[in-house]
Amino acid sequence: MSNYNPGKIEKKWQRKWQETNANKVNLSAKKKYYCLDMFPYPSGEGLHVGHWSGYVMSDVWSRYKKIQGYEVLHPMGFDAFGLPAENAAIEKGVHPKENTKESIANFKRQLEEMGSMYDWSLAVNSSDPSYYKWTQWIFLQLYKKGLAYRKEAPANWGPSCKTVLANEQVVEGKCHRCDSEVTKKNLKQWFFKITDYADELVDDLEKLDWPERVKTMQRNWIGRSEGTLVEFKGQSSKVKVDVFTTRADTLFGCTYLVLAPEHPLVKKLTTTDHKKEVDNYCKKAIKESEIERTSLEKEKTGVFIGSYVVNPVNNQKIPIWVADYVMSTYGTGAVMAVPAHDQRDFEFAKKFKLPIIETVVPKGKSKGKSGLKEAFVGYGELVGSGEFSNLDSKNAIKKITQWLNKKKLGKETINYKLHDWLISRQRYWGTPIPIVHCKKCGEVPVPEKDLPVELPELDDFKPTGDGRSPLAKVENFVKVKCPKCGGKAERETDTMDTFVDSSWYFLRYPDVDNKKEIFEKQKVDHWLPVDQYVGGIEHAILHLMYARFITKALGDMKLLDFHEPFLNLFTQGMVYYKGAKMSKSKRNVVSPDEFVRKYGTDSVRAYELFMGPAEQDKEWADRGIVGMHRFLQKVYALIEKNTDSKVKNSDKKLETLKHKTLKKVAEDFEDFQFNTALSALMEYSNALGKKDKIGRDLLEILVILLAPITPHLSEELWEMLGHREFVFKAPWPKFDPKLIQEEIITLAIQVNGKLRGTVEVNKDVSEKEAIKLAKENQNVKKFLKGKEVKKEIFVKGRLVSFVV
């Protein structure tokens with residue numbers, strides 16, 4: 001058994017790093033690299049092993065870049081304001097300020113124990129006045145540009161959290177934090193005009209090296225769609241209803257119009273004899289969540305409002321209905337119902353016995369005689385559509401839109417699902433909004449010289465539930481003089497959404513001590529955009545899109561020379577325990593602390609990486625760490641046994657394996673495949689362990705390659721081998737391509753049992769790589785195109801076979 005004592009070794013090297021300022025960043029360095037973690041909410045019981053997973057990955061990557069010779073900015077901070085922190089404090093029965101301070105101290109302890117190479121002198125805390133002063137400053141810049149505004153609107157109301165929620169914070173009709181059912185409430189709210197940047201937010205995704213899944217999620221949320229704005233005139237020429245559609249080819253099949261219950265024309269167009277029924281229906285519908293209203297399983301409901309409009313393409317009079325499945329927040333809040341070509345409209349028409357007119361049929365097929373059993377929603381050929389009959393759908397969309405435009409009854413347009421970002425919250429623990437309300441002057445921004453507007457100390461900080469922030473009760477905070485006229489005025493009492501705090505924190509790190517301005521432009525432009533961002537997929541829509549918006553807005557104000565904050569993004573998979581996502585309510589949270597005490601930080605770090613591919617979800621197994629600890633014990637014993645080795649390696653097989661390992665580990669690190677890098681290091685270590693005398697260079701390579709993963713152990717082993725400098729000052733070793741020339745073989749490629757091609761590969765090619773290369777074969781592509789691959793078979797050294 002080796003003398004490996006992780007507790008002693010890890011404390012020793014953490015102390016040495018601290019004493020020598022080993023993690024201090026030279027912010028003026030020319031060869032630089034910015035690796036960033038998504039900073040945590042310091043609100044719970046500390047970091048669990050799922051949190052550790054992402055932080056270990058980013059630390060390994062940062063140390064890898066450091067050993068390659070880069071000056072690495074790898075900072076850490078705390079997203080300390082907002083609902084998570086306040087709810088945690090309420091649950092514990094303490095003040096958010098006190099709870100946040102304790103949580104940050106605990107998080108910092110854990111991250112230091114992890115051996116992370118953070119420069120703590122650069123840390124930010126979003127609840128500190130020196131930070132949120134600049135959050136308020138950003139608000140004022142947006143306000144000046146017309147990108148921040150206040151209006152009354154129906155808002156998502158979390159009855160448990162007792163505050164408004166942005167659309168993005170409502171998941172399947174529930175609050176994304178407390179999981180309670182979300183209702184609607186009319187309130188005056190503050191918004192950021194993110195919709196002004198909708199096109200940029202979509203188009204610039206192409207410039208980013210991000211997972212395609214994340215890009216798709218953002219595209220879908222923004223929901224840009226090209227279509228036609230159609231004008232339906234009422235029986236009175238003074239009334240018109242605008243409708244957005246992407247399927248102008250189906251316009252001849254429109255047999256009724258549907259308005260959202262919130263649509264302003266509902267009151268205007270409802271006839272007296274239908275008023276009571278319509279009013280009752282709308283009141284009930286507005287109380288339902290968006291998820292409930294748009295559910296495909298929900299039985300269709302609606303009420304005829306007594307009025308009609310004219311279909312512009314055939315002059316047919318069609319009735320206007322109000323129905324809850326139409327949302328005021330999408331398009332114009334009015335829908336042209338085409339029951340033959342939309343399943344939702346089809347079910348509605350069937351229930352209320354409304355006409356169903358077929359106007360598009362599959363190419364080569366005639367109009368159905370026995371009636372439709374379901375809507376035909378695809379593209380096809382137009383029938384019963386006047387001069388546009390026999391045109392294919394896509395051509396008809398263009399022609400009908402042109403016709404409408406010529407008649408001034410419609411035009412081509414672009415629609416978005418994205419809405420402006422609702423940023424006001426009726427809670428205490430957040431950044432105060434720097435606006436004063438004056439009866440004479442209206443909304444008046446707080447002068448920049450008076451920032452920050454500090455959050456007052458408040459004992460009774462719990463949410464009121466009446467639509468007002470607890471700050472509204474603090475008279476000496478609310479009552480102020482108007483900055484413009486000097487008269488009596490009141491402060492805005494809502495606070496900002498925590499996502500505003502996190503939308504710019506990465507800009508502060510390079511100039512964290514600047515008290516005169518938010519940052520020195522030259523410093524930020526030197527370090528940003530961020531080279532590598534690491535975080536969870538759960539932030540794909542919220543944080544990432546908001547950060548992109550703020551960066552673009554500041555760029556347009558000439559405060560930045562770039563318009564995208566994060567060039568590369570890696571989203572790590574979640575760590576599950578007992579088959580479920582870790583949560584306190586499920587009692588399956590695994591703290592790393594007990595494992596650090598028992599097996600050491602390096603064992604935990606290595607096991608976190610070894611569990612599986614970094615981007616995939618993984619299952620934590622308590623016993624799994626034991627095997628990793630044994631591996632590190634063997635490595636320690638191997639070096640301990642050969643510390644006096646002056647032997648030069650003469651074993652050609654080992655020399656070849658060394659260079660293969662160098663190549664494999666470097667390639668795996670570049671792809672964030674740390675689990676397979678560790679496998680290669682285990683194989684290499686085992687090969688060395690079989691020799692009595694081991695060349696010193698072989699041992700040093702093992703220590704250097706392990707250093708980013710197990711920094712404490714590697715520092716100790718490096719010292720044992722006689723080195724006085726830190727291992728991270730050693731150069732990253734390079735492999736010799738001549739020594740790893742591989743034997744090339746030819747694999748047969750079959751599709752449904754027939755030979756369709758061949759491919760030359762390395763004899764040790766992986767299954768994943770072999771299948772990828774086989775699919776890229778030009779002839780094979782022909783036989784796979786447009787078909788579903790049901791099975792992929794790889795026979796090592798012989799063939800790749802596809803079943804379609």
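# Close-up views of a predicted model

**Figure 1. Aromatic pairing between Phe-81 and Tyr-132.** The structure holds 47 aromatic pairs. One of them joins Phe-81 to Tyr-132 in a tilted arrangement, with 5.4 Å centre to centre and 40° between the planes. Phe-81 belongs to the loop between β2 (71–73) and α3 (83–92), whereas Tyr-132 belongs to helix α5 (residues 129–144), so the pair ties together parts that are 51 residues apart in sequence. Phe-81 counts as buried because its relative accessibility is 1%. Tyr-132 is likewise buried, with a relative accessible area of 2%. The model shown in this and the following views is predicted.

**Figure 2. The stacked rings of Trp-421 and Tyr-546.** Trp-421 and Tyr-546 form a stacked aromatic pair, at 3.7 Å centre to centre and with 0° between the planes. The pair links distant parts of the chain: Trp-421 is in strand β17 (residues 421–422) and Tyr-546 in helix α17, 125 residues apart. Trp-421 has a relative accessible area of 0% and is therefore buried. For Tyr-546 the relative accessible area is 0%, and this residue is buried as well.

**Figure 3. Helix α17 and the residue that follows.** Helix α17 (residues 542–556) consists of 15 residues and reaches 21 Å from its first C-alpha to its last, close to the 21 Å expected at 1.5 Å a residue. The helix is mostly covered, as 14 of its 15 residues are buried. Just after α17, Lys-558 takes a positive phi of about 65°.

**Figure 4. An aromatic cluster.** One aromatic cluster is formed by Tyr-33, Trp-61, Tyr-64, Tyr-70, Phe-570, Phe-669, Phe-672, Phe-674 and Trp-732.

**Figure 5. Charged ends placed over aromatic rings.** The charged end of Lys-151 sits over the ring of Phe-191, at 5.3 Å from its centre. In a second example, the charged end of Arg-756 sits over the ring of Phe-783, at 3.9 Å from its centre.

**Figure 6. Nonpolar cores and the surroundings of Leu-507.** The largest nonpolar core has 178 residues. The residues with the most contacts inside this core are Phe-139, Trp-421, Phe-506, Leu-507 and Trp-620. Once its neighbours within four places in sequence are left aside, Leu-507 is in contact with Phe-519, Val-524, Leu-528, Leu-554, Leu-560 and Phe-562. Another core, of 48 residues, lies apart from the largest one, and its members include Val-241, Phe-304, Val-338 and Phe-388.

**Figure 7. Asn-99 and the residues it touches.** Asn-99 is placed in helix α4 (residues 96–113). With a relative accessibility of 1%, Asn-99 counts as buried. Not counting residues up to four places away in sequence, Asn-99 touches Ser-43, Ala-85, Ala-88, Ala-89, Lys-92 and Val-94.

**Figure 8. Salt bridges that involve Lys-240.** The structure holds 43 salt bridges. In one of them, the side chains of Glu-231 and Lys-240 meet with an N to O distance of 4.0 Å. Lys-240 also forms a salt bridge with Asp-242, in which the closest N and O atoms are 3.2 Å apart. Glu-231 has a relative accessible area of 15% and is therefore buried. Lys-240, at 40% relative accessibility, counts as partly exposed. Asp-242, at 26% relative accessibility, also counts as partly exposed.

Figure 9. Lys-275 and Asp-279 form a salt bridge, the closest N and O atoms being 2.8 Å apart. Both residues lie in helix α9 (residues 275–287), four residues apart, which is about one turn of the helix. An α-helix has 3.6 residues a turn, so residues three or four places apart point the same way. Lys-275 is partly exposed, with a relative accessible area of 46%. Asp-279 counts as partly exposed at 27% relative accessibility.

Definitions and conventions
Residues numbered from 1 in each chain as written. Predicted model: local features only at pLDDT ≥ 70, side-chain atom pairs only at ≥ 80, totals over all residues. Heavy atoms only, no water. Helix = DSSP H or I, 4+ residues; strand = E, 2+ residues; numbered from the N terminus. Expected span 1.5 Å × (residues − 1). Buried < 20%, exposed > 50% of the residue type's maximum accessible area, 1.4 Å probe, protein only. Phe/Tyr/Trp six-rings, centres within 6.5 Å; stacked < 30°, edge-to-face > 60°. Lys NZ or Arg CZ within 6 Å of the ring centre and 35° of its normal. Core = buried A, V, L, I, M, F, W, Y, C linked by side-chain atoms within 4.5 Å. Contact = heavy atoms within 4.5 Å.
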